[in-house]
Amino acid sequence: MLTQLRDQFRKTDVYKSIFRHSYQDTQRNRALQIVDNVFLHLHPVRVPRHATNLGYTWGMGGITFLLFIVLTITGVILMFYYRPTAQYAYEDMKYLMNDVPFGPLMRNMHRWAAHAMVLTVMLHMFRVFLTGSYKPPRQFNWVVGVLLLVLTLLLSFSGYLLPWDQLAIWAVTVGTNMARATPLLGHEGPFGPELGLRPDNDVRFVLLGGTEVGPPTLLRFYVGHCIFLPLIAVIFMVVHFWRVRKDGGISGPDTGKKNF
Amino acid sequence: MADQPTNEVVKIEAPVKPDAAPKPAQTQIASQPVPRKPKQDRAPEEDPGIWRMNRRNALWVGGWLAFFGFILTSTVGALRYMFPRVLFEPPTKFKAGFPFDYVVGEVSEKYKDEKRVWIVREKDGFYAIVSICTHLGCTPRWLPSDNKFKCPCHGSGFYKSAINFEGPAPRPLERAYIGLADDGQIEIDRSVKFLYEKGEWGKQGSFLAYKG
C-alpha cells in the first residue's frame, strides 16, 4: 500500500521536476546527480584520490567556507535584536547576552566562528604555500585568496566595534589612527598635508564619518560589516571556487600526467 | 593623417587571393539580381573625417558619453556623499574660564572628558595640551603623584611639559592654541596645534603669558 503510494508519487510531475535522477548506481547517473544540482555542481564530478586525503588539504578552505555560512546565518539572527546606534548598541548587546532566549548561543557562535575563520583562512593559506599550490597555473587564485584574507580581516575588525563597549571603541580608535599615516590619503601621511588634507577630509574621516570614533562610525562600520564587505567577499569567493575548478582542481603531486 | 583609416580599409579589402579556386556557379534560384538600395548606415568611402559622423555613429558616441557621464557623476556623487557637511561633535574652540581660576602648578583635567584638552598653569602662564596619545590615539591620564601623563593603552609616559620619555609614543603630546578672549576668559582652539618636533612651541598662541 505504502510502496504503491510512493511509486505513484514518484510518477507525478512535481516529484520528477524536483528529483531529476534516480538512485541508480551507475557512473553516468552519479555524475548527472551532481551536475544537475545547482549546489552540488560546485563540486567536481570526479575528485582525484589524493584530494580526499585530509592530511594533504587539512580541509581548511572548506572549513573556512563553512564558518562563513555559520557567520552569515548567526549574523542575520543577531540583526533581529541589535540596533546600530550609539544609544542602543551596547544595551542590545547586553540584552542579547542576558535576556534573549538562546541569545548568548547565537552571539557566541558568531564571535567564535569569527575568531576561528581568521585562523582557518591563515592555515588554509599556509597549506597552499606548503604544497606549492600558488604556482602556475594557480597564481591568479593565490591573489584572489590574498584579497579574501584582507576582506576576512576587515570583516573581523569592523565587527569588533559593534558591541560599542570601551574595548571596541578604543581598539577601533587605535586601528583607524593608522589611516592617518596613509600616503596621499591621510592627513599625517607622506604628501598628505601638501595635498591639503586635514583631519576632517582625509581617508580616516571617510572611515569614521567624523574626526573621531563616534555614532557615525558605528553606523558606517555596521553597514560595512553586514552589507558591503560580505557582498564583496562573496563575489571573490565565487571567483575563488571557480578558479579552483578551472585550474584543474586541488593541486597534487606531479605525476607527469593529468590527474584525472 | 585624417584620411589614413579610409585608405587602410580599402587596402585590407582589396587583395585578391591568386590561388583561390573560382567559386562554383550559384544555382538558378539566386541568379536573379536583387536591386539594392545604397546603404545608409555607412559614411561615403571618400569621407575624410576621422569621425565619419552619420546617424548611427552619432547615436553610438552620444549613447556611450551619456552612459559614462552618468557612471562618472554618480560615482563622484557617491564619494562626496561619504563626507558629511555637518558634524555632531563638540566645537574645537571654547572658553575655559578666567586665568585666576587656576592654581600655579596645576594640571586641570576639567575639560579632558568633553574637549580632550589639559590646561597647565605654570608660574609664567598657561599652555594647553591635547590629551590624545601620540602613539595610537588613546587618552592618557594625568598622575599627580608621579607628576606625569601616562597612557593606559600601551604605557607611554609624558612629562608635565608634554615631552615623551617612556613607552612607545614617538613624539611629545601636541599643544593647542591658547589665548585670552575679549572678555578676559581663556580661549582654546583644539584645531590649531603646535608640534614640538617642528619647533612650534615658542610660536604665538602656543603659550599664554600670565602673571598673577
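In this predicted model, helix 8 (residues 139-161) of chain A packs against helix 11 (residues 215-246) of chain A at an angle of about 160 degrees, with axes 9 Å apart. Helix 8 of chain A is therefore roughly antiparallel to helix 11 of chain A (angles over 145 degrees count as such). Axes are lines fitted to C-alpha atoms, for helices over the stretch in contact, and angles run from 0 to 180 degrees between N-to-C directions. Helices are DSSP runs of H or I with at least four residues, strands are runs of E with at least two, and both are numbered from the N terminus. The contact between helix 8 and helix 11 of chain A comprises 17 nonpolar, 8 polar and 1 charged residues. Here Ala, Val, Leu, Ile, Met, Phe, Trp, Tyr, Cys and Pro count as nonpolar, Asp, Glu, Lys and Arg as charged, and the others, Gly among them, as polar.

Chain B holds an open antiparallel sheet of 4 strands, in the order 5-6-7-8. Strands pair if DSSP finds at least two bridges between them. Strand 5 (141-143) and strand 8 (164-166) of chain B each have a single partner strand, so one side of each lacks a neighbour in the sheet. Strand 5 of chain B is joined to strand 6 (residues 148-150) of chain B by 3 bridges. B:W142 stands opposite B:F149.

Between the chains, 12 residues of chain A are in contact with 9 residues of chain B (C-beta atoms, placed from the backbone, within 7 Å). Helix 9 (166-177) and helix 10 (203-208) of chain A each give two or more residues to the chain A side.

Residues are numbered from 1 along each chain as its sequence is written, and chains are lettered from A and ligands numbered from 1 in the order written. Local features need pLDDT of at least 70 and side-chain atom pairs count only at pLDDT 80 or more, while totals for chains, interfaces and linings use all residues.

Definitions and conventions:
Angles under 35 degrees count as roughly parallel, over 145 as roughly antiparallel, 65 to 115 as roughly perpendicular and the rest as oblique. Two residues are in contact if their C-beta atoms, placed from the backbone, lie within 7 Å.
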